[in-house]
Amino acid sequence: MKLLYQTHSPFARKALVFAHEVGLARQIEVAHHETSPTRRNEQVFAENPLGKVPVLLRPGLPPIFDSDVICAYLDTQHAGRKLIPPEGEPRWHALRLQAVAQGLAESGIAIRWETLRRPQELRYPPLRDGYIEKLVASYDWLERELDVGAPLHVGHVALATCLDWLEFRELPAFRGGRPRLTAWFDEFAKRPSMRATPLSGETHD
Ligand SMILES: N[C@@H](CCC(=O)N[C@@H](CS)C(=O)NCC(=O)O)C(=O)O
């Protein structure tokens, strides 16, 4: 399999960390692609009409996107414990955490548009502030709700890769006053899957 990837994408890294955690990373060739809604990448558009990474290419089968779907697919391709719990409250708990992590990363990207990426005269500070509120409220929610003792699941992978990216991009910090979340993240960041997939590089718009 081949993963259309980006070394500075929280979503792409989530898919790759997931692959490491379920023991499939060695079966995946990683290909870096720069993407931006203002700079079309033809190779990515050829596989995903949204022009975004990650995309998983499978021999003889249609491409799979986005990161949620890639993780769900990879979870069907290994014989170990499933990282997406198959049923009951654990399933909804894991998927809900994944949803919060996805929203955090999307909010972080939106903040970057309103602070760096959009030309200065087109930035809209109230929108930036609205997205910052979402980050802060989610950090506080995570400090209360994160299932720090639960067995590893997809929500943990999504959250750790997203928090690392938020720090990498120097977006509003999650650490201050949130000792549970901070301790959990610092421990997760030591995992081989995280160490094998460091963030690097700049977005090109
Ligand atoms: N919901 C998607 C989001 C993917 C996404 O936004 N990827 C970014 C890189 S961080 C991208 O390729 N953006 C290009 C664009 O928006 O055109 C997922 O989870 O995979």
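Student: Which residues do ring pairs link into a cluster?

Tutor: In this predicted model, the cluster consists of Tyr139, Phe174 and Phe185, linked by ring pairs. The structure holds three aromatic pairs.

Student: Why is the pair of Phe174 and Phe185 called edge-to-face?

Tutor: The ring centres of Phe174 and Phe185 are 5.4 Å apart, and the limit for a pair is 6.5 Å. Their planes stand at 80 degrees. Planes over 60 degrees apart count as edge-to-face, so the pair of Phe174 and Phe185 takes that name.

Student: How do you know whether Phe174 and Phe185 are buried or exposed?

Tutor: The relative accessible area is 1% for Phe174 and 2% for Phe185. Buried means under 20%, so Phe174 is buried, and Phe185 is buried as well.

Student: What makes the pair of Trp184 and Phe188 tilted?

Tutor: The planes of Trp184 and Phe188 lie 40 degrees apart, with 5.2 Å from centre to centre. Stacked requires under 30 degrees and edge-to-face over 60; the pair of Trp184 and Phe188 is therefore tilted. Because Trp184 and Phe188 are four residues apart in helix α7, about one helical turn separates them. Both residues are buried.

Student: How do you know that the charged end of Arg117 sits over the ring of Trp113?

Tutor: The charged end of Arg117 is 3.9 Å from the centre of the Trp113 ring, where the limit is 6 Å, together with a condition of 35 degrees from the ring normal. A further case is Arg191, which lies over the face of Phe188 at 5.3 Å from the ring centre.

Student: Which residues come nearest to the ligand?

Tutor: Of the 14 residues around the ligand, Thr35, Val53, Asp66, Ser67 and Gln102 come nearest. Val53 is joined to Pro54 by a cis peptide bond with omega of about 10 degrees, and Pro54 is in the loop between α2 (42–45) and β3 (55–58). The peptide bond from Phe65 to Asp66 is also cis, its omega being near 0 degrees.

Student: What is the largest nonpolar core made of, and which element gives the most to this core?

Tutor: The largest nonpolar core has 50 residues, and those with the most contacts inside it include Phe18, Leu74 and Leu104. Helix α6 gives the most, with nine residues. In soluble globular proteins, nonpolar side chains tend to be buried together.

Student: Why is Glu170 called exposed?

Tutor: Its relative accessible area is 74%, and exposed means over 50%; Glu170 is therefore exposed. Glu170 is placed in the loop between α6 and α7. The phi of Glu170 is near 55 degrees, a positive value in a residue other than glycine.

Definitions and conventions
Residues numbered from 1 in each chain as written. Predicted model: local features only at pLDDT ≥ 70, side-chain atom pairs only at ≥ 80, totals over all residues. Heavy atoms only, no water. Phe/Tyr/Trp six-rings, centres within 6.5 Å; stacked < 30°, edge-to-face > 60°. Buried < 20%, exposed > 50% of the residue type's maximum accessible area, 1.4 Å probe, protein only. Helix = DSSP H or I, 4+ residues; strand = E, 2+ residues; numbered from the N terminus. Near = heavy atom within 4 Å. Core = buried A, V, L, I, M, F, W, Y, C linked by side-chain atoms within 4.5 Å.
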